[in-house]
Amino acid sequence: MAPAFAAERTLGKLGKWLRLLGFDTIIETQCPRGRFFEHGGSRIVLTRTRRVMTAQAALKPVLIRANDPFEQLGEVVRAAALTPEDLRPFTRCLRCNEPIVPVPKAEVQRSVPDYVWQRYSEFSTCPRCGRIYWPGTHTTRSFEKIAEYFNLKD
Ligand SMILES: [Zn+2]
């Protein structure tokens with residue numbers, strides 16, 4: 001099974017990248033105050049601070065060094081030994097981490113721009129926030145970059 005992650009507050013962008021790839025990822029800013037590290041037992045904690053590395057040593061957090069979210073993702077790929085088989089791209093809401101579910105095209109006509117409705121035939125929605133996703137929502141180009149990255153890993 002693919003690992004799940006808990007991303008510290010400064011790693012929100014990285015957290016969204018992980019969600020885009022399908023990884024169950026909670027982000028500290030979306031957690032009730034003081035409860036974040038409780039997730040450490042079942043999730044890989046990602047942090048940028050050495051203080052956390054020491055204070056939460058029992059959780060074996062992963063120290064992220066890079067500033068660029070894409071490079072940070074590379075660090076996670078290596079630290080967690082992620083493989084292409086772990087990827088479930090475009091299956092999760094970027095905003096709330098919930099798995100998205102397919103929704104009939106007819107039901108979204110009034111919720112998406114006309115050109116989107118005309119151009120795409122497959123839509124999904126987030127059961128929690130109601131956001132609607134279609135193949136063009138997540139920029140394909142970014143994903144190509146990531147796919148390339150994972151292939152290079154092999
Ligand atoms: Zn959502």
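Trainee: Is leucine 59 buried, partly exposed or exposed?

Mentor: Good place to begin, and keep in mind that this is a predicted model. Leucine 59 sits in the loop between α2 (50-55) and β4 (62-63). Buried means under 20% relative accessible area and exposed means over 50%. Leucine 59 has a relative accessible area of 23%, so the residue is partly exposed.

Trainee: Which residues does leucine 59 touch, not counting residues up to four places away in sequence?

Mentor: Let's start with valine 45, which is 14 residues from leucine 59 along the chain. Their C-alpha atoms are separated by 7.3 Å. With those close in sequence left out, the residues that leucine 59 touches are Phe37, Gly40, Gly41 and Val45.

Trainee: What is the arrangement of the four donor atoms around the zinc ion?

Mentor: The donors are the SG atoms of Cys93, Cys96, Cys126 and Cys129, at 2.1 to 2.3 Å from the zinc ion. Four donors count as tetrahedral if all angles lie between 85 and 135 degrees. Here the angles run from 103 to 119 degrees, so the arrangement is tetrahedral.

Trainee: How many residues apart in sequence are the parts that cysteine 93 and cysteine 129 tie together?

Mentor: The donor residues follow the spacing C-x2-C-x29-C-x2-C. Cysteine 93 belongs to the loop between α3 (69-79) and β5 (101-103), while cysteine 129 belongs to the loop between β6 (123-125) and β7 (132-133), so the parts that this pair ties together are apart in sequence by 36 residues.

Trainee: Where is alanine 81, and what is its relative accessible area?

Mentor: Alanine 81 is in the loop between α3 and β5. Among its contacts, not counting residues up to four places away in sequence, are Val76 and Asp86. Alanine 81 is exposed, because its relative accessible area is 52%.

Trainee: At roughly what angle do the axes of α1 and α3 cross?

Mentor: Lys13, Leu14, Trp17 and Leu18 in α1 meet Pro69, Gln72, Leu73 and Val76 in α3. By class, this contact has six nonpolar, one polar and one charged residues. The crossing is right-handed. The axes come within 9 Å, and they cross at roughly 65 degrees.

Definitions and conventions. Residues are numbered from 1 along each chain as its sequence is written. This is a predicted model: local features need pLDDT of at least 70, side-chain atom pairs count only at pLDDT 80 or more; totals for chains, interfaces and linings use all residues. Side-chain values use heavy atoms; hydrogens and water are left out. Helices (H or I, at least four residues) and strands (E, at least two) are DSSP runs, numbered from the N terminus. Buried means under 20% relative accessible area, exposed over 50%, partly exposed in between (1.4 Å probe, protein chains only). Contact means heavy atoms within 4.5 Å. Donors are N, O and S atoms within 2.8 Å of the metal (3.2 Å for Na, K and Ca); water is not among the atoms, so sites may look incomplete. Four donors count as tetrahedral if all angles lie between 85 and 135 degrees; four count as square planar and six as octahedral if opposite donors are over 155 degrees apart and all others between 65 and 115; anything else is irregular. Axes are lines fitted to C-alpha atoms, for helices over the stretch in contact, and angles run from 0 to 180 degrees between N-to-C directions. A crossing is left-handed if the near helix is turned anticlockwise from the far one by less than a right angle, and right-handed if clockwise. Ala, Val, Leu, Ile, Met, Phe, Trp, Tyr, Cys and Pro count as nonpolar, Asp, Glu, Lys and Arg as charged, and the others, Gly among them, as polar.
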